[in-house]
Amino acid sequence: MTYAREEALDALACGALPRQGKWSDEDYLWLTDETNRLVEFTDGFVEALPMPTSTHQTVLAYLFDCFREHVKPRGKVLFAALRVRIRQGKFREPDLLVLQDRDDPRFQDRFWLGADLVVEVVSPKGRRRDFVQKPLDYAEAGIPEYWIVDPRDETITVLTLDGDAYTEHGVFEPGGTATSPFLQGLEIDVGAVFDA
């Protein structure tokens, strides 16, 4: 089911949207173009994500500054809500997306076709998603590095892609420094992330 913009707004107002399991990539892209909610998509199913908290956003802002400073002037760092296409029929909205080279063909305007590194800040109701499902998703997309930032436990878990699955580079705690195998020279003071 595809919509013209005005028809889509009418459909949204009337509740005439595709049933779960029947959404197409274009339906999903339209929905996320027209809403201010974080929504992810897998094989015909859409899922609204929890709204971020102040803690989540503060941690995210601090990390955004760290990554942006590290990859400038050639790289690109953006934050949610920006979609990354895992494959046809699957999109995610990571909290941060990083490319070392802004000329990388994966850098697109409407959604990215991958990334060098993604970051998720764990929400209270998103632990299983970020620690179990997202590593599978980002590995499927071939994203070389995935950071899981957990405000509850004050840890940063750095995973690196080894073949078609992630291996743990390290779990970093306050008093330590999180490092990136992919972004050489990147070092982030873990305590400063959670004190932000």
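Leaving aside its neighbours within four places in sequence, which residues is Thr-155 in contact with? Taking contact to mean heavy atoms within 4.5 Å, Thr-155 touches Ile-148, Val-149, Asp-150, Val-171, Phe-172, Glu-173 and Phe-194. Before we go on, please note that this is a predicted model, in which local features need pLDDT of at least 70 and side-chain atom pairs count only at pLDDT 80 or more, while totals for chains, interfaces and linings use all residues. Residues are numbered from 1 along each chain as its sequence is written, and side-chain values use heavy atoms, with hydrogens and water left out.

Let us stay with Thr-155 for a moment. This residue sits in strand E10 (residues 155-162); helices (H or I, at least four residues) and strands (E, at least two) are DSSP runs, numbered from the N terminus. Thr-155 counts as buried because its relative accessibility is 10%, where buried means under 20% relative accessible area, exposed over 50% and partly exposed in between (1.4 Å probe, protein chains only). Val-193 is 38 residues away along the chain, yet its C-alpha atom is separated from that of Thr-155 by 9.6 Å.

Now turn to helix H3 (residues 54-71). In H3, His-56, Val-59, Leu-60, Leu-63, Phe-64, Phe-67 and Val-71 are buried. They lie on the same side of H3 because they cover an arc of only 145° around the axis, the arc being that of the directions from the helix axis to the C-beta atoms. Ser-54 and Glu-69 are exposed on the face turned away from that buried side. Among the elements covering the buried residues of H3 are strand E3 (76-79), strand E8 (117-121) and helix H5 (190-195).

On a 1 Å grid over the protein atoms alone, a cavity is a set of points where a 1.4 Å probe fits but cannot get out, and a pocket is an open set with protein on both sides within 12 Å along at least five of seven lines; lining residues have an atom within 4 Å of a point. The largest pocket has a volume of about 180 Å³, and H3 provides the largest share of its lining, 5 residues. His-56, Leu-60 and Phe-64 are among the residues lining this pocket.

The whole structure holds 1 cavity of 30 Å³ or more, and about 160 Å³ of space lies in the largest cavity. Of the 14 residues lining it, Leu-49, His-56, Asp-95, Val-121 and Ser-123 are the closest to its centre. Helix H4 gives the most to this lining, with 3 residues.

How values were computed:
Grid points are joined across faces, edges and corners, and a volume is the space filled by probe spheres set on the points.
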